[in-house]
Amino acid sequence: MTIIEAIELRTILDSRGNATVEADIHTTSGFGRSAAPSGASTGTLEAKVRLPKEAIDNAYQNLLPALIGLDAGDQEAFDEQLRDIDGTSDFAAIGANVAVALSLANAKAAATAMGLPLFRYLGGAFVNEMPLPLGNVIGGGAHAQNATEIQEFLVVPGDATDVEEAVFANAAVHRHVKELLKKHDIAAGKGDEGAWAPQIDDALAFELIAEATGLVADEMNVSVDMGIDVAASQMWNGEGYKYRSRVRSTEEQIAYIAELVDSYDLVYVEDPLHEDDFDAFAELNSQIGNRCLVCGDDIFVTQVDRIQQGIEKDSANCVLIKPNQVGTLTDTFEAVRLAHTNGLDTVMSHRSGETTDTTIAHLATAFSCVFLKCGVVGGERIAKLNELIRIEEQL
Ligand code: PGA
Ligand code: ZN
């Protein structure tokens, strides 16, 4: 037992310069701290956040007193208490930002009380596989204006010998893309996740990354694969997928994505279709699922009832996991377990608005996710990547 003795909540800065909620939990012999991230291309069915200051005031009055005295080692009971006091299905009352910060801080307090790193506390003795870093090198969509239409062009070094090599290979691709942009005289700032955000079309983004991965293969002898997050809910206008020059029907979108998978040997495609189209997801999955991860983010929102629907329809072979989409660690774990029991892979993910909190590196390892999706550069992104390198050292 490690009894919760004190809890503090505060607002801290996130990577977009907005306020977010940070929680500290002190127990008899442990301490845990965690902060809530936030999305820009959020799924409609995600747990609801409240304005940080308002949510914190409310928590001090109506929530925290009921958490003092609980055993931090009983994560399920702690998370159940959050749900009970909230009383809604989507954390609209206490705010999913408060919930997720508290839930993760509680697990970290319990882990320190037992003298274990979080990944070991949650994953146990048999954790022995590291997730590979999946990182965003060129992006646009909701994360940068006037840049690419596909939200994220991602890379993952599938045959890297270890995490350290993989992290540096992704960084090398990011650096080469910058040099190639310069060579073509294309100016580029960065989007919210640290990816380059040039005003180029999607075809050129693919070409530049293919060239950059070729250079990295020569230099480092690592082959780096490509993936995408289409974030197609953002393009869906109720009838079709809106691109700058045209609208694609659902059938055309499926054909387009399948063609991209073959042209660029994509190993990962996230949200290729909008968040309610389980059937179109299933059609695409039947076409490309044997050679590519078809991953659901907005469609599943880390929630078991949605993942269950996806399993029944065979809509995807991979689930994106974002703890703040559902609000508690217990619910996050249930989502992962349901996916894995049914043969689907999982990818643990950051949000576009992040802090230097490194918890997801531990969760990705503890829960045997295939990838940790968390960007390539930028302080709040490298905090997680560097933690992953440290975790690998301990395994
Ligand atoms: P978000 O985007 O964090 O802005 O929602 C990330 C994603 O779509 O995967
Ligand atoms: Zn996504």
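## The largest cavity

The largest cavity has 17 lining residues, and Ala35, Pro37, Leu104, Glu354 and Ile360 lie nearest its centre. It holds about 140 Å³ of space. Helices α10 (323-326) and α12 each supply at least two residues of its lining. In total, the structure holds three cavities of 30 Å³ or more.

What counts as a cavity? On a 1 Å grid over the protein atoms alone, it is a set of points where a 1.4 Å probe fits but cannot get out; lining residues have an atom within 4 Å of a point. Grid points are joined across faces, edges and corners, and the volume is the space filled by probe spheres set on the points.

## About the model

This is a predicted model: local features need pLDDT of at least 70, side-chain atom pairs count only at pLDDT 80 or more, and totals for chains, interfaces and linings use all residues. Residues are numbered from 1 along each chain as its sequence is written, chains are lettered from A and ligands numbered from 1 in the order in which they are written, and side-chain values use heavy atoms, with hydrogens and water left out.

Helices (H or I, at least four residues) and strands (E, at least two) are DSSP runs, numbered from the N terminus. Strand β8 covers residues 225-229. Four of its five residues are buried, so the rest of the structure largely encloses β8. Buried means under 20% relative accessible area, exposed over 50%, and partly exposed in between (1.4 Å probe, protein chains only).

Two strands pair if DSSP finds at least two bridges between them. Strand β5 (residues 152-156) pairs with β8 in the antiparallel sense, over five bridges. Here leucine 154 stands opposite glycine 227. Strands β8 and β11 run parallel, joined by three bridges. Isoleucine 228 stands opposite valine 269 in β11.

Aspartate 229 lies in strand β8 and aspartate 297 in the loop between β12 (293-296) and α9 (304-313), so the pair ties together parts 68 residues apart in sequence. Aspartate 229 is buried, with a relative accessible area of 2%. Aspartate 297 also counts as buried, at 2%.

## Aromatic pairs

Rings of Phe, Tyr and Trp (its six-membered ring) pair if their centres lie within 6.5 Å; planes under 30 degrees apart count as stacked, over 60 as edge-to-face and the rest as tilted. The count comes to seven aromatic pairs. Phenylalanine 206 and tyrosine 264 are stacked, because their ring centres are 4.2 Å apart and their planes lie at 10°. Phenylalanine 206 sits in helix α6 (residues 202-220), and tyrosine 264 in the loop between α7 (250-263) and β11 (268-270), 58 residues apart. Both residues are buried. Ring pairs also link Phe153 with Phe206 and Tyr264 into a cluster.

Phenylalanine 333 and phenylalanine 367 form a tilted pair, 5.6 Å centre to centre with 55° between the planes. Phenylalanine 333 is partly exposed, at 34% relative accessible area, whereas phenylalanine 367 is buried, at 6%.

How values were computed: 1 Å grid on protein atoms, 1.4 Å probe; cavity = no way out; pocket = protein on both sides within 12 Å on 5 of 7 lines; lining within 4 Å.
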